[in-house]
Amino acid sequence: RMSSTQFGPRVLYAFRDRVSDRTWVRPYAGAGVHMARTTVTDPATALSMSDTGMAAQLFGGTEVTLAAMPKLGLSADVGYQWYDAPFDGYALDGVTLTLSARWYVK
């Protein structure tokens, strides 16, 4: 069994917004680097090993805000993450999909 926790900053570049009467669409692209803490536990022996490493990520996506709910933003992005696997048989790199909801407070 493997668990992984990742934490780190991401930088976004927002392209031109597309605004209509009902929606506000904000496409974006970005990159990030983050620290990943990975733990593997052997179910037979209950022994665990941990590793901490750095990962890089490129991504692009879109955030949509509806006129009926202007404080709620829904977004989806697709990206690719590079990470050297700390344990044989486990891979943390590859294509990523992120779904998010944001509530804007003024």
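User: Which side chains meet Glu63 and Arg26 in a salt bridge, and how do I read such a contact?

Analyst: A salt bridge is a side-chain nitrogen of Lys or Arg within 4 Å of a carboxyl oxygen of Asp or Glu. Here the side chains of Glu63 and Arg26 meet each other that way, at 2.5 Å from N to O. Glu63 lies in strand β5 (residues 48-66) and Arg26 in strand β4 (residues 23-41), so the pair ties together parts 37 residues apart in sequence. Strands (E, at least two residues) are DSSP runs, numbered from the N terminus.

This is a predicted model, where local features need pLDDT of at least 70 and side-chain atom pairs count only at pLDDT 80 or more, while totals for chains, interfaces and linings use all residues. Residues are numbered from 1 along each chain as its sequence is written, and side-chain values use heavy atoms, leaving out hydrogens and water.

User: Is Glu63 buried or exposed?

Analyst: Buried means under 20% relative accessible area, exposed over 50%, and partly exposed in between (1.4 Å probe, protein chains only). At 6%, Glu63 counts as buried, and Arg26 is buried too.

User: How many salt bridges does a search of the whole structure find?

Analyst: Three. One of them pairs Arg10 with Asp77, with the closest N and O atoms 3.4 Å apart. Arg10 is partly exposed at 35%, whereas Asp77 is buried at 2%.

Conventions: Helix = DSSP H or I, 4+ residues; strand = E, 2+ residues; numbered from the N terminus.
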